[in-house]
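Have a go at each task before you read its solution.

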Amino acid sequence: MIAEAGHYALILALALALIQSTVPMVGAQLRDTALMNVARSTALAQFLFCGLSFLALTALYVASDFSVANVFQNSHSAKPLLYKITGVWGNHEGSMLLWVAILAFFGALVATFGNNLPLSLRAHVLAVQGWIAAAFYVFILATSNPFLRMAQAPLEGRDLNPVLQDIGLAVHPPMLYLGYVGFSISFSFAVAALIEGRIDAAWARWVRPWTLVAWIFLTLGIAMGSYWAYYELGWGGWWFWDPVENASLMPWLSGTALLHSAIVMEKRNALKVWTVLLAILTFSLSLLGTFLVRSGVLTSVHAFATDPSRGVFILVILCLFIGGSLTLYLWRASSLKQGGLFAPISREGALVLNNLFLTTACATVFVGTLYPLALEMLTGDKISVGAPFFNLTFGPLFVPLLLAVPFGPMLAWKRGDIRGVAQRLLAAGIAALLTIALVWAWTTGGAALAPLAIGLAVFVILGAITDIAERIMLFRQPFATSLRRAVGLPRAAWGTSFAHAGLGVALIGIVCETTWNTEFIGTLKPNDVAKLAGYELTLKEITQRQGPNYRESIARFRITQNGDEIGEMVPSKRNFSARQTATTEAALLSRGASQLYISLGDDTTTGAVAVRMYHKPLVLMIWWGPVLMALGGVLSLSDRRLRVGAPKPAKASRALQAAE
Amino acid sequence: MTRKQRRMTMIGGALAILAIAAGLVLNALRDSIVFFSTPTMAAEKQIPAGKRFRLGGMVEQGSLSRGDNLAVSFKVSDGGATLPVNFKGILPDLFREGQGVVAEGALDANGVFKADTVLAKHDETYMPKEVADALKKQGRWKEGEGGKPVVSQDTTSANTTNIKPSVTQ
């Protein structure tokens, strides 16, 4: 009954999406207010029914209704409640349902908060959202219906892949989807602008908060996924240049570029055509990501239960939307009024530089991800493009970008004074050089690149701090004045600083972890001691335990440093009976930003256990960085002029003056 | 600067960055990609010692032996040829005899494949896609071994391709 209701709600949502994608367009043509307003009510109703459908599937999972094929294949009655719920999107059908539910959610947000948009723009935006939604509803209903019943209901389900039975699954996919799908809003705005043939600074002001929201979620989603892989896979890797990770990195890079180019458009009314193109490309890359994951064309762990017919279907959707929007772009872009050019040394010049590097870096990731596919189709050779490729291409492109980051926010609009900025950044530069020298001396010559990279990171962080210090006239005015200025500073300025500093923080973590990671791999018997990076790790005992749907063997380690006990680490290995599979549960012990990491290998015949232990210096900074970036995004979002449901034009211009 | 000069600066800068990126990509594609081979293909192609590649096939029944200090050796076969593999470290959770495996490394002077990374299937129905395709091509494919995820493990921590869990992105 619930399954049928969920299925029916999804069909209704499709019908509503079809209305939403056509009627408002007609209304905009006829300048009929009533028809244009249909967009708003259908978007809300569509979200309601799609949400109901999603809730129905969740209810089936919670109730462990194994007469539904999807639940049978991915759930188990003994599974903890949390994993029953997260299991809803731990499979192809459910994750696609989550995808459209989030799409409908964003559509409903535009419908709710878009009151101050010009009526025809809102109608067009929601209509484009309706097209995307309709395409994906058809995809789900035709090839991946999660509500299919089985002829005979089995007594027990096949359980969820044990690797996925983790809190990471509760957070990572929804976050990532909020990011991916959030970019559909900027896409719809771009397509709507092309249809209307009109675009101005106000357009950028409407688009930026949506892009920012999507970007914040994507940033956190990627970081979360990386941390999940780090602790779940048991060998301490946090980024693998896996096709699917690249698929999430590409929209992040172009989305970051979009955020920056939208600033130029908003403030200087320039780069319009480029911004529209970026908005289209960013969502196209999100769709490409969905295609890569869902079609299984690239060998990847993410390609669960892949099926060629689905791949072809998504490929058709992909071609339709990317091809269609780019054709529209080529046809209409020339009709958009071009903004003026500007001096290369200026804030907008710096933002263009940022865009150039980000999109080029994105292109190298694109080539690295799709080249194996192209080569296999052309020659039949199977190759893998791994970390070495990306280190040689992506890395060098990011160095000049990072060098330029501190300069950007300090350059004035229109005509910047690069020497003046360089003078103000002198202290940060000197501190960076000192850091390089110190790290160099301390590590006595090891890897040459590491101290330089850390110096660069320090420069980025201090540059971000310098920018704020300059703006609040720290040390040049009485402290109370500076404080008052700090409070009055536009939140967007704080946002910029946090986000840029986050970049530096992440870089320090990445460099330290990859350069000074130490490891111990070997077999230990109870009371054996392993020494690692100044810590002594003593294996106390190995025990067995029965969990809800698994058995696990647990090793207990006592950690001491110079004889002082600092903690206990308990890694384990779980065997899941339903799928006859095992997972490694690593134990982590944080010491500041550094971590000790233990994971268990096979039991050996002699009563000893194989272990791998790592000391990962400053590894946590890798994820603190993105968290800082997201925090910067939130601060920027709370800036008066960018608030979702943005202020009325009159108010906005006043806020703008205050920000300048 | 005149309008024209400004435009030329912008276009010139963009082209320069693109050219650098293209150079980097071409250079990296020449040096850092790794080909995939089954034992039969490896024998046919005469892959020289020291050249890195990915070896895929089935772990031969009864060929796994463990030495001291986590040293492991086993044989990878594709039904035609067989290659001995040496590996030092902890094998993936689901490494088993008679099942699919992909190892990355290079041949040594004695024709033994020294693996630094071993990837193995992740659940009962999984077969690495590249192995399945290669076996199909050689006509040694048995139906009923569908596609499910791989998880890999390696001992060198960074700098190796690896695959992570999570279903939905």
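**Exercise 1. Find which residues Asn145(A) touches, leaving out those up to four places away in sequence, and place Asn145(A) in the chain.**

Solution. Keep in mind throughout that this is a predicted model.
- Step 1: Leaving out residues up to four places away in sequence, Asn145(A) touches His7(A), Glu93(A) and Ile140(A).
- Step 2: Now for its place. Asn145(A) sits in the chain A loop that runs between helix 6 (119–143) and helix 7 (167–196).
- Step 3: Asn145(A) has 17 C-beta neighbours inside 10 Å, so it counts as partly exposed; 20 or more would have made a residue buried.
- Step 4: From the C-alpha atom of Asn145(A) to that of Ala39(A) is 27 Å, and the two are 106 residues apart along the chain.

**Exercise 2. Work out how helix 8 and helix 19 of chain A pack, and which classes of residue make the contact.**

Solution. 
- Step 1: Two packed helices are described by the angle between their axes and the distance between the axes.
- Step 2: Here the angle is about 165 degrees and the axes of helix 8 and helix 19 (residues 621–637) are 9 Å apart.
- Step 3: An angle over 145 degrees counts as roughly antiparallel, so helix 8 of chain A is roughly antiparallel to helix 19 of chain A.
- Step 4: The crossing of the two, helix 8 past helix 19 in chain A, is left-handed.
- Step 5: Look at who takes part. From helix 8 of chain A, the residues include Trp215(A), Ile216(A) and Tyr227(A), and from helix 19 of chain A they include Trp623(A), Met629(A) and Leu637(A).
- Step 6: Sorted by class, the contact between helix 8 and helix 19 of chain A has 16 nonpolar, four polar and no charged residues.

**Exercise 3. Which residues touch the most other members of the largest nonpolar core?**

Solution. 
- Step 1: The core holds 192 residues, and those touching the most other members are Ala13(A), Val100(A), Leu103(A), Phe136(A), Tyr137(A) and Phe189(A).
- Step 2: Helix 8 of chain A (residues 201–232) gives the most to this core, namely 19 residues.
- Step 3: Zoom in on Ala13(A). Beyond its neighbours within four places in sequence, its contacts are Gln46(A), Phe49(A), Cys50(A), Ser53(A), Ala104(A) and Tyr137(A).
- Step 4: Another core, of 24 residues, lies apart from the largest one, and Phe53(B), Met58(B), Ile90(B) and Leu91(B) are among its members.

**Exercise 4. Ser64(A) and Leu271(A) both have a positive phi: is each buried, exposed or partly exposed?**

Solution. 
- Step 1: Most residues other than glycine have a negative phi.
- Step 2: Ser64(A) has a phi of about 50 degrees, and Leu271(A) one near 55 degrees.
- Step 3: Ser64(A) is in the loop between helix 2 (33–62) and helix 3 (69–74) of chain A. With 17 other C-beta atoms within 10 Å, it is partly exposed.
- Step 4: Leu271(A) is in the loop between helix 9 (243–268) and helix 10 (272–295) of chain A. It has 25 C-beta neighbours inside 10 Å, so it counts as buried.

**Exercise 5. Sketch the layout of chain B and locate Gly62(B).**

Solution. 
- Step 1: Chain B has three helices and eight strands, in the order α-β-α-β-β-β-β-β-β-α-β.
- Step 2: Of its 169 residues, 42% count as buried.

Conventions:
Residues are numbered from 1 along each chain as its sequence is written. Chains are lettered from A and ligands numbered from 1 in the order in which they are written. This is a predicted model: local features need pLDDT of at least 70, side-chain atom pairs count only at pLDDT 80 or more; totals for chains, interfaces and linings use all residues. Helices (H or I, at least four residues) and strands (E, at least two) are DSSP runs, numbered from the N terminus. A residue is buried if 20 or more other C-beta atoms lie within 10 Å of its own, exposed if 12 or fewer, and partly exposed in between; C-beta atoms are placed from the backbone. A nonpolar core is a set of buried Ala, Val, Leu, Ile, Met, Phe, Trp, Tyr and Cys residues joined through C-beta atoms within 7 Å. Two residues are in contact if their C-beta atoms, placed from the backbone, lie within 7 Å. Axes are lines fitted to C-alpha atoms, for helices over the stretch in contact, and angles run from 0 to 180 degrees between N-to-C directions. Angles under 35 degrees count as roughly parallel, over 145 as roughly antiparallel, 65 to 115 as roughly perpendicular and the rest as oblique. A crossing is left-handed if the near helix is turned anticlockwise from the far one by less than a right angle, and right-handed if clockwise. Ala, Val, Leu, Ile, Met, Phe, Trp, Tyr, Cys and Pro count as nonpolar, Asp, Glu, Lys and Arg as charged, and the others, Gly among them, as polar.
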